[in-house]
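Student: I am new to this structure. Please take one part of it and walk me through it closely.

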Amino acid sequence: MKKRLIVWFLCGIIVIGFAAKMLWFFLEVQRKQDLTNLGHNFLLVYTRLDDYKKLNGSYPPQQDMKSLLKTLRLPDGDLFKTSIDIGTAEYHAPTHKSESPILKILIKPHFLSNKKQQQVIFTKKHDGYRGEIKDAETR
């Protein structure tokens, strides 16, 4: 009886470990999909920013992201769905006419992740657009 209980206990631990690993894998896959969709959303925002500049001669002034989406007439229905709220992103308007705007967003890791908080920075380069992920500085 004691041996049978120990075997069931060990099997239970193995099943719980396997379930935790599968949950971690699912959350990582979801995070990668969210980052891909976020990149598409930022690219769409940049496209609208360029259209705005062509129409008005300059990029929109500094404002929060939710206001920027309204300024660019970009409803939520046009954006890919993600668990990362694009409204929490930061829009940095260019200070000089030759500069381009920068979009930044802070991404928190899921509860099973061993990664730190990360920041996605999306900029326009001479050969196109570039998104980069950096570890966020904690204060």
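Predicted model: local features only at pLDDT ≥ 70, side-chain atom pairs only at ≥ 80, totals over all residues.

Tutor: Residues are numbered from 1 along each chain as its sequence is written, and side-chain values use heavy atoms, with hydrogens and water left out.

Start with the setting. The protein chain has two helices and four strands. Their order along the sequence is α-α-β-β-β-β. Helices (H or I, at least four residues) and strands (E, at least two) are DSSP runs, numbered from the N terminus.

Of the 139 residues in the protein chain, 29% are buried. Buried means under 20% relative accessible area, exposed means over 50%, and partly exposed lies in between (1.4 Å probe, protein chains only). The protein chain exposes about 10100 Å², and carbon and sulfur atoms supply 61% of that. Such areas come from the Shrake-Rupley method with a 1.4 Å probe; for residues, only the protein chains shown count as cover.

Now walk along H1. Ile 6, Phe 9, Leu 10 and Ile 13 form a nonpolar patch on the surface. Together they have about 410 Å² of accessible area. A patch takes residues with over 30% relative accessible area and no salt bridge; like charges are joined within 9 Å, and nonpolar side chains (Val, Leu, Ile, Met, Phe, Trp, Tyr) within 5 Å. Ile 13 is in helix H1. Ile 13 is partly exposed, at 44% relative accessibility.

Move on to Lys 21. Its charged end sits over the ring of Trp 24, 4.4 Å from the ring's centre. The test is NZ of Lys or CZ of Arg within 6 Å of the ring centre and within 35 degrees of the ring normal.

Asn 37 is buried, with a relative accessible area of 10%. Not counting residues up to four places away in sequence, Asn 37 touches Phe 80, Lys 81 and Thr 82. Contact means heavy atoms within 4.5 Å.

Leu 43 is partly exposed, with a relative accessible area of 34%. Leaving aside neighbours within four places in sequence, Leu 43 is in contact with Phe 122 and Tyr 129. Phe 122 is 79 residues away from Leu 43 along the chain, and their C-alpha atoms are separated by 8.4 Å. Across the protein chain, take contacts with a separation of 6 or more: residues 24 or more positions apart account for 49% of them.

Last stop: Arg 48. The side chains of Arg 48 and Asp 78 meet in a salt bridge, 3.6 Å from N to O. Arg 48 lies in helix H1 and Asp 78 in the loop between helix H2 (65-71) and strand S1 (90-92), so the pair ties together parts 30 residues apart in sequence. A salt bridge needs a side-chain nitrogen of Lys or Arg within 4 Å of a carboxyl oxygen of Asp or Glu. Side chains of opposite charge can pair when their charged atoms come close. Arg 48 is partly exposed, at 24% relative accessibility. Asp 78 is partly exposed as well, at 40%. The structure holds one salt bridge.
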